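Please load the model in a viewer and keep the selection panel at hand.

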Amino acid sequence: MEKELVEFMVKSLVDEPDEVNVNVIEGEKSTILELHVAEGDVGKVIGKQGRIAKAIRTILSASATRDGKRAVLEILD
């Protein structure tokens, strides 16, 4: 569920949506989502002073909490 949510939000933001890739690492209590985007789109995902990345993380956290889990988003370049 969280993977599809992150993919949908990020693909709406970037110039190259085909380059968006989310890897999911399941842990006992938390889930780590590793986000890979095209090199030129990293700034669009992070935003000024990290505002867009923070907003994505907030929505992701709310979605995971609803399911009784914890989710962490890592933006990799």
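Is the crossing of α1 and α3 left-handed or right-handed? Select both helices: the crossing of α1 and α3 is right-handed. A crossing is left-handed if the near helix is turned anticlockwise from the far one by less than a right angle, and right-handed if clockwise. Helices (H or I, at least four residues) and strands (E, at least two) are DSSP runs, numbered from the N terminus.

This is a predicted model, in which local features need pLDDT of at least 70 and side-chain atom pairs count only at pLDDT 80 or more, while totals for chains, interfaces and linings use all residues. Residues are numbered from 1 along each chain as its sequence is written, and side-chain values use heavy atoms, with hydrogens and water left out.

**The helix pair**

Keep α1 and α3 selected. They pack at an angle of about 155°, with their axes 10 Å apart. Axes are lines fitted to C-alpha atoms, for helices over the stretch in contact, and angles run from 0 to 180 degrees between N-to-C directions.

Next, display the side chains where the helices meet. On the α1 side are E2, L5, V6, M9, V10 and L13, and on the α3 side I52, I56, I59, L60, S63 and A64. Contact here means heavy atoms within 4.5 Å.

**Two residues of α3**

Select S63, in helix α3 (residues 51–66). S63 is buried, with a relative accessible area of 9%; buried means under 20%, exposed over 50%, and partly exposed in between (1.4 Å probe, protein chains only). Leaving aside residues up to four places away in sequence, S63 touches M1, E2 and L5.

Now select R51, also in helix α3. R51 counts as exposed, at 57% relative accessibility. Its side chain makes a polar contact of 3.3 Å with the side chain of Q49. Such a contact is a pair of N or O atoms within 3.5 Å; within protein, one must be able to donate a hydrogen and the other to accept it, and residues adjacent in sequence count only if both atoms are side-chain atoms. A distance to check is that from R51 to F8: their C-alpha atoms are separated by 18 Å, and the residues are 43 apart along the chain.

**The sheet**

Select the strands. They form an open sheet of three, in the order β1-β2-β3, with mixed pairing. β1 (21–26) and β3 (70–76) stand at the edges, each with a single partner strand, so one side of each has no neighbour in the sheet. From one strand to the next, the twist averages 20°. Two strands pair if DSSP finds at least two bridges between them.

Begin with β1 and β2, which pair in the antiparallel sense over six bridges and form a hairpin with three residues between them. Then move to β2 (residues 30–36) and β3, which run parallel and are joined by seven bridges.

L33 stands opposite V24 and has L73 in β3 as a bridge partner. E34 stands opposite N23 and also opposite E74 in β3.

**Helices over the sheet**

Finally, show helices and strands together. Helix α1 (residues 2–13) lies across β1, β2 and β3, running at about 30° to β2. α3 lies across β2 and β3, running at about 150° to β3.
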